[in-house]
Amino acid sequence: MMAMMNESTESKTPYGTYYFPEGFLWGTATAAHQVEGRNPNNTWTAWEQEEGRIVNGHKSGLACDWWGGRWREDFDRAQATHQNAHRLSIAWSRIQPAPDRWDEDALDRYREMLRGLRSRKMTPMVTLHHFSEPLWVAEMGGWENEAVVDLFAAFVHKSVEALQPYCDLWVTINEPDVFVVSAYVEGVFPPGKQDLKTAMLVMRHMIKAHARAYHVIHELQPEAQVGAALHYRGFKPATFLPVDHWAAKVFHTLFNDLFPRTLKDGVFNAVMKKDRIPEAIGTQDFLGINYYANDTVRFDLLAPKEMFVHRGYPKDTLLSENGFIANQPEGMAESVRWGSQFGVPMIITENGVEDSEDELRPRYTLEHLHALWRVINGNYPVRGYFHWSLVDNFEWERGWTQRFGLWGLNVDTQARIRRPSVDMYADVCKTNGISSEVVRKYAPEAMDKLFPKN
Ligand code: FCB
């Protein structure tokens, strides 16, 4: 898979290309609330109105104005830059604005978007829950009320029935691990709770909802590929102290393992308490992995709100603009090796970095892809890579302070800004690989690592 030669014996500068498997999916990922704009009956829109919830009081507003039709120009951009797939999510709150009402116009719009991808020769992947629900669901107790399992199944039935002519690749729930921690432990997502017991209850309901959705989808579309997208973080003990090792292990079990393990063997291992959810067994056709960075963990009795643990990055790591993400490409390989234990193919459903100046993004992306290439060559089944994100979008409680797009966005004018990473990623997608030329051009600082001189 690797073609490498010496350009000239004199300079001994290697060149070549790390090729990915044929048919590899290359795309970007987005989420309804982050890109659509004007999303009225939604938990996040309500959350944004509450004082102090979002950095600087930012609001999603028009977001990237996809609901106003700007998905067309963004899909054009994706197609023109050789992406062959796109992962988007649909908003439950639009499709079912009230318990007894389905909005056929909203479904039509999503049909149009998916047809828009197909006509651009891009494979759609649809996420059914990405961090937000209709307000009426929240009013019934949201994910704390077990009734949500039936409600979610009904929404999935309605949506998949309508959209299945255009899509057969489904993500039931995006990052149940991040959702549960952010909404029920840290309290930074709605409903803003800080209660471990509730967090565990919500996790159980999410597993049950996933399992139901899996069967609903397969009944409607036997050939469907259904999975969830997990956020993987490697937790590294900060010191040799046993408490730090213990904390790292507990975090790994609860954050990384809990959801996909239960789908494999039905055992819900919440460390203090084990339980069984037998109906979850065998409900994943693939594992979606969102990988951004690993964490260092240090036990701290004085941090009950953070589950007695400080998380951070090692001192010498390269950090993103706001210090939110560290460049640790080895974690990408680690996430795939970890994911392989579940015995299904994997798809990298998210990876990227916040970087308005596009200083780190080319290097971050190419180094992560190189790490991915290496594990794929170790025979780990990975079918695709979705970069987060296509264009800057509304970053949840961090508002507009973090810019993850290949394209930048001027929030006031809706103008798109072509960052160098657009062309870097276009080259990767077109080549179906990482060439020495692309590294030399966009991230020369990574050259020695990716194409070492002999
Ligand atoms: C992930 C989310 C996604 C986006 C990226 C930066 O945790 O799934 O919506 O916010 O982080």
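Where is Leu241 found? Leu241 sits in the loop between strand 8 (235-237) and helix 10 (242-265); helices (H or I, at least four residues) and strands (E, at least two) are DSSP runs, numbered from the N terminus.

Before I continue, a note on the source. This is a predicted model, in which local features need pLDDT of at least 70, side-chain atom pairs count only at pLDDT 80 or more, and totals for chains, interfaces and linings use all residues. Residues are numbered from 1 along each chain as its sequence is written, and side-chain values use heavy atoms, with hydrogens and water left out.

Leu241 is partly exposed, at a relative accessible area of 41%. Here, buried means under 20% relative accessible area, exposed over 50%, and partly exposed in between (1.4 Å probe, protein chains only).

I turn now to salt bridges. A salt bridge is a side-chain nitrogen of Lys or Arg within 4 Å of a carboxyl oxygen of Asp or Glu, and the structure holds 30 of them. One joins Arg204 and Asp275 (2.3 Å, N to O). That pair links distant parts of the chain, with Arg204 in helix 9 (residues 196-220) and Asp275 in strand 10 (residues 274-276), 71 residues apart.

Another salt bridge connects Glu367 with Arg363, their closest N and O atoms being 3.0 Å apart. Both residues belong to helix 12 (residues 361-377), four residues apart, about one turn of the helix. Glu367 counts as buried at 3% relative accessibility, whereas Arg363, at 23%, counts as partly exposed.

Finally, helix 3 (residues 66-80): its buried residues include Trp66, Trp67 and Trp71. Just after helix 3, His82 adopts a positive phi of about 70°.
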